[in-house]
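Here is my note for you, to be read alongside the model. Have a look at the structure before going through the points.

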Amino acid sequence: MKESNYNPDLRLAEVTRYITPLREGGSLPALAEADDGFKYVVKFRGAGHGTKALIAELVGGEIARAAGLKVPELVKLELGEEFGRTEGDEEIQDLLKASRGLNLGLHYLSGAMTWDVSVNHAAPLEASMIVWLDAFLTNVDRTIRNTNMLLWQRELWLIDHGASLYFHHSWDGWEKTALTPFPYIKDHALLRDASMLREADEIMRSRITPETITAIIDSIPDEWLESPEEQRDVYRRFLITRIENSNIFTDHAITVRQTLI
């Protein structure tokens, strides 16, 4: 396999200050500051679905970036043994204690506003690329109720891919899942605007190559995986199989969209 030109080399920083929980997230993400002086939205390994959510966030975010979509910088964040011991909220203290080690942060976009599909409108190709991306990643969490998109500096930014790759919550039958359409695309926030899905399919397939997928999967930290070599191989094969058969989920999205317009 050829070497990828895309290098998802995530920086490493250490969390120095817990600022506030972001309770709109089911897994209790938080705003925190790191020793590089920047603020991050931190996804904790001790929350909800554990490191699987962090893996989905890393893989989904970096694939989106490789495709040319806007995603806040992802950074590996170390949480030390002493961190959070003075936290007064017992629930948060338990979360921080369970999250010692390597976590994941998204660069905080100060002043960003939630993308509201009733007010904000994406260009047809951009909307189509995002719909395609989420069908490819099997991301169930980009709906009108919760768009997981931000408006920042007059541009659309994607956040929160932790609900992607849902096959890894039960590894059985991943081969079959890789070859299925994505039924939840009917609820996608941008589906009505996605009038260029055929064009998006061509563009995305040219940008998300097997080499790029391999490079991103190889960047998953070993400590987030129970069986690093075996699980990386499954992630890689799932995504490569899915992109090689992208007509399955692209055709389905086009068909579903036609029922809405």
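1. A word on the basis. This is a predicted model, in which local features need pLDDT of at least 70 and side-chain atom pairs count only at pLDDT 80 or more, while totals for chains, interfaces and linings use all residues. Residues are numbered from 1 along each chain as its sequence is written, and side-chain values use heavy atoms, with hydrogens and water left out.

2. The largest pocket holds about 1000 Å³ of space. A pocket here is an open set of points on a 1 Å grid over the protein atoms alone, where a 1.4 Å probe fits, with protein on both sides within 12 Å along at least five of seven lines; lining residues have an atom within 4 Å of a point. The volume is the space filled by probe spheres set on the points, which are joined across faces, edges and corners. Of its 40 lining residues, Pro29, Lys43, Asn148, Ile159 and Asp160 are the closest to the centre.

3. Which elements each supply at least two residues of that lining? They are strands E3 (39-43), E5 (101-107), E6 (113-114) and E7 (149-152), together with helix H1 (51-66); H1 gives the most, with 3 residues. Helices (H or I, at least four residues) and strands (E, at least two) are DSSP runs numbered from the N terminus. By class, the lining has 20 nonpolar, 14 polar and 6 charged residues, where nonpolar covers Ala, Val, Leu, Ile, Met, Phe, Trp, Tyr, Cys and Pro, charged covers Asp, Glu, Lys and Arg, and polar the others, Gly among them.

4. The second largest pocket has a volume of about 170 Å³. Its lining includes His121, Lys186, Asp187, His188, Arg192 and Asp193, and divides into 5 nonpolar, 2 polar and 4 charged residues.

5. Strand E4 (74-79) runs parallel to E1 (11-21), with 4 bridges, and antiparallel to E5, with 6 bridges. Strands pair if DSSP finds at least two bridges between them. Leu12 has Lys76 of E4 as its bridge partner, and Leu74 has Leu106 of E5.

6. In helix H5 (197-207), Leu197, Ala200, Asp201 and Met204 are buried (under 20% relative accessible area, with exposed over 50%, using a 1.4 Å probe and protein chains only). Why are they on the same side of H5? Because they cover an arc of only 105° around the axis, taken from the directions from the helix axis to the C-beta atoms. Exposed Glu202 and Ser206 sit on the face turned away from the buried side. Helices H3 (124-137), H7 (228-244) and H8 (247-258) are among what covers the buried residues.

Terms used:
Contact means heavy atoms within 4.5 Å.
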